[in-house]
Amino acid sequence: MEDFTGRRRVVVTGASSGIGLAAAVELARRGDQVTLVGRDPARLTAAADRVREASGERPDLFRADFAVLDDVRRLAGELRAAYDRIDVLANNAGAIVLAPVTTVDGYELTIQANHLAPFLLTHLLRDRVGRIVNTASAAHRSGALDPDDLNAPLRRYRSISAYGTSKQANILFTAEAARRWPELPSCCFHPGVVRTRFANDNRIVAFGMRFAPFLRTPEQGAATLVWLATQDPSRLVDGGYYLDRRPRRPLPKANDPALAARLWAASVRALGLPG
């Protein structure tokens, strides 16, 4: 589906700041037509200004809140109406929350925003998309995914574990998508620990993430996303998990085909999608 001789359309979710914005700026600077998806209209507009400064072209903007699955369905419909082809779908939007939250759809917020929402968006756009790049994380090490109980974190909530569980789901989804959709190249990556506004709901965590000297910049964190979005897919490991442009093996609990198949089936049921 990708046309390596022409300009590509790249849709980046979570693009109003951090890794998503840095990736969108770089991809636009390289000549791609980028579409920014975010939750906050004001920050989306500011992000569009950044992209225009870098590329000379204003990107398309779409608003959606991944804590509301009807927003994701509306977004998918709007993207389908706007584009006959999406060369790259970068599922980058994510959340880490410090207390248990149940969404209007009845799911724990972290698993919905980080897994169910991008899973739904990808399914609804599948026939338009040329490749998938999912933002995962080494935090999958702290995950304890139970596909039979996606709301398990609500009963004994630990924010790091809930986040790790959602990142475990991202890796499993990527690998299973490669098995089920061999015509659609899929990869995921760990961006490193990046200095962003990601944890701004907690002042202490946000302060540490802004000023800790070992943290990566958003541009450094986005480098592998940009690389995965621009490489010839034949040179990549389909379904692979990457760090710093190199394929890595996730922990066994994120590298289990049986668990990935169970997660896929549970996600399809949760979202009312065809199997």
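Let's start with Cys187, which is buried at 5% relative accessible area; buried here means under 20%, exposed means over 50%, and partly exposed is in between, using a 1.4 Å probe and protein chains only. Its sulfur sits 7.5 Å from the closest cysteine sulfur, the one in Cys188, and that is too far for a bond. Cys188 is in no disulfide either, with the sulfur of Cys187 as its nearest cysteine sulfur at 7.5 Å. Cys188 is buried too, with a relative accessible area of 0%. The rule is that a disulfide is a pair of cysteine sulfur atoms within 2.5 Å, and by that rule the count comes to 0 disulfides.

Quick housekeeping. This is a predicted model, so local features need pLDDT of at least 70 and side-chain atom pairs count only at pLDDT 80 or more, while totals for chains, interfaces and linings use all residues. Residues are numbered from 1 along each chain as its sequence is written, and side-chain values use heavy atoms, with hydrogens and water left out.

Next up, helix H5, residues 159-180. Helices (H or I, at least four residues) and strands (E, at least two) are DSSP runs, numbered from the N terminus.

Searching the whole structure turns up 2 cavities of 30 Å³ or more. A cavity, on a 1 Å grid over the protein atoms alone, is a set of points where a 1.4 Å probe fits but cannot get out, and lining residues have an atom within 4 Å of a point. Grid points are joined across faces, edges and corners, and a volume is the space filled by probe spheres set on the points. The largest cavity holds about 80 Å³. Which element gives the largest share of its lining? That's H5, with 3 residues. H4, strand S5 (132-135) and H5 each put in at least two lining residues. The lining includes Asn91, Asn114, Pro118, Asn134, Lys167, Asn170 and Phe173.

Two of those names come back when we look at Thr122. Thr122 is in helix H4, residues 109-125, and is buried at 1% relative accessible area. Its side chain makes a polar contact of 2.9 Å with the side chain of Asn91. By polar contact I mean a pair of N or O atoms within 3.5 Å; within protein, one must be able to donate a hydrogen and the other to accept it, and residues adjacent in sequence count only if both atoms are side-chain atoms. Leaving out residues up to four places away in sequence, Thr122 touches Leu89, Asn91, Ile132, Phe173 and Trp181, where contact means heavy atoms within 4.5 Å.

Over in strand S6 we have His190, buried at 11%. What does the His190 side chain reach at 3.1 Å? The backbone nitrogen of Ala138. Beyond residues up to four places away in sequence, His190 also touches Tyr241, Tyr242 and Leu243, among others.

The loops deserve a look as well. Pro182 sits in the loop between H5 and strand S6 (186-190) and is exposed at 60%. Pro182 and Gly239 are 57 residues apart in sequence, and 9.4 Å apart C-alpha to C-alpha. Setting aside neighbours within four places in sequence, Pro182 is in contact with Ala177 and Asp238.

In the loop between strand S7 (241-243) and S8 you'll find Asp244, with Arg245 in that loop too. Asp244 has a positive phi, near 50 degrees, and Arg245 has one near 70 degrees; neither is a glycine. Asp244 is partly exposed at 37%, and Arg245 is partly exposed at 44%.

Last one: Asp256, in the loop between strand S8 (246-248) and helix H8 (257-271). Asp256 counts as partly exposed at 32%, and its side chain reaches the backbone nitrogen of Ala258 at 2.9 Å. Asp256 and Leu172 are 84 residues apart in sequence but 7.6 Å apart in space, C-alpha to C-alpha.

That's my tour, thanks.

Note on methods:
The expected span of a helix is 1.5 Å times one less than its number of residues. On a 1 Å grid over the protein atoms alone, a cavity is a set of points where a 1.4 Å probe fits but cannot get out, and a pocket is an open set with protein on both sides within 12 Å along at least five of seven lines; lining residues have an atom within 4 Å of a point.
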